[in-house]
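Below are my short notes on what I looked up.

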Amino acid sequence: MGVGMIPFGRRDEDSLMDMLAWAGLKALDDAGLGDGGVDALYVANMGSGIIQHQTSVASALVDRLSLLPAGAESIENGPASGASAIKNGLLAIASGYYDTVLVVGGEKMREVTGWRATDFVATMTHPTAEYVYGITLPGLAGMFTRLYMEKYGVTREMLVSISIKNQAMGTLNPYAHVEMALSKDGIFDDPAAIVNNPPAADPLHLYDACPVSDGAAAVVLTALDKVKKPSKPPVVIAGFGQATDTHTLQERADPTDLKAVTLAAQQAFERAKLKPTDIHVAELHDAFTILEIAESEHVGFFKKGEGGKAALAGKTKLGGQIPINLSGGLKARGHPVGATGVAQVVDIVWQLRHELPKERQVKNAQNGLTVNFGGFGNNVLAFVLRRVQE
Amino acid sequence: MKKKDIEIVAYKCKKCGKLHFPFHDRCMECKSREFEPVKPQGDVRLLTFTRIYNLPWGFDARYLIIGVGEFENGVRAMGRIDVDESYPLKTGMTLKPVWAPVRVKYGENVYGLMFEPKG
């Protein structure tokens, strides 16, 4: 019904509450609900208790937005907090108890040093079997990438093609954190590329990872039969899916198999009564380049082992077989962890309303997919969104 | 630094035999709640690894090398790898597991699994 986002990046002057409030107001305005009509507020946030030393942000935000006495809850599910909050809003409306829910996701991560931010994200890992060793999310992604390369023949050149594609899209997105185009020479071919693009968690390099970002995004959800005269083409959540996997990577029989991604996407497709080939545009959780490739296979766009080749061949660019991350993805739009799952939905809504400039718009897009990847694939949510036919 | 016995304990389901590490309250396979403790045995086969250069808070080092190893009795566990960054690590190679300091917390050593080259 309504969506909104504020530019992601380093927002030193803005507090977490500022960002949440501004994104929420944009969504309310977009929905034409500036003066109220919200039954409940769900706030997706992972780190305010650790980073800002502030808890119960939903209670603070519902007051700041003068939405009292609407219900309010904070929802924390790691980097999948955003999609979790939307799912809970969807279920609340589907239950019939609420008519309209405002979901706001946000994070302010640049308030602390890179060391602290990396540690904060790593608190998702198993405390005694993983975290104690200094493992980080890039570290888990590095170990996953090594296995994926060995099993499926993914190459560094394929990974680099994702970095280049998504950062190019970031230059076209006014909400993106990273607005710098990359050249293959600069980060891969040239002998100096090792200086520009050093190893971060090998075999992953610096430009294989998303930035640490501040930002917020919001959506207003309501039942379709409550929308009388929409000012914009309505977009429905036609299907959702959620699945979990083992906390530690080591306990997966095949650690390259992202079972939760497969199951979440299957559920979403079944509920929407659509297939992967019906999707016109997707926002996948590319916190690391390897994840865009692996997720594109696990959701069914490509066979296992074909995702990297498809990316290299341009099949995931605008105009390709299935355009992926035309927002720039987490890689360029940025990854304020609590905001990401909401921002993915906002970007797909803009696509399905046909509101984006032509250099980012999939022509006549009707169906979109989002995948929000929590932990290292241990809690994954997927949404299939559909433009309502007039 | 004096090295200690490996303190990791894995858990074998008494009903179906599935091995778990870390601990689960119910078997991942058959949902049984009865386990027998199993000590990891022998050397480890390196399943995967990475060299991390962007470290989390709490480590005073230029890089960390971390891997997942499989013991000879099937227990899989993460550990630090005690080699120089240029050491030619390869998946599938055999390493020797030891119990050694892996980080310092409040001025005290915290012990954990460390994998070392054989010989």
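I began with burial: a residue is buried if 20 or more other C-beta atoms lie within 10 Å of its own, exposed if 12 or fewer, and partly exposed in between, with C-beta atoms placed from the backbone. By that rule, buried residues make up 37% of the 119 residues in chain B.

I noted what kind of model this is: it is predicted, local features need pLDDT of at least 70, side-chain atom pairs count only at pLDDT 80 or more, and totals for chains, interfaces and linings use all residues. Residues are numbered from 1 along each chain as its sequence is written, while chains are lettered from A and ligands numbered from 1 in the order in which they are written.

**Entry 1: chain B**

I looked up its secondary structure. Helices (H or I, at least four residues) and strands (E, at least two) are DSSP runs, numbered from the N terminus. Chain B has zero helices and eight strands. I also checked its extent: the C-alpha atoms of chain B fill a box of roughly 45 × 35 × 30 Å along the principal axes.

**Entry 2: where the chains touch**

**Entry 3: a sheet in chain A**

Strands pair if DSSP finds at least two bridges between them. I found an open sheet of five strands in chain A, in the order E1-E7-E4-E2-E3, with mixed pairing. Strands E1 (2-5) and E3 (71-75) of chain A stand at the edges with a single partner strand each, so one side of each has no neighbour in the sheet. Inside the sheet, E2 (residues 40-44) and E4 (residues 100-108) of chain A run parallel, joined by five bridges. A:Leu41 stands opposite A:Leu102 in E4(A).
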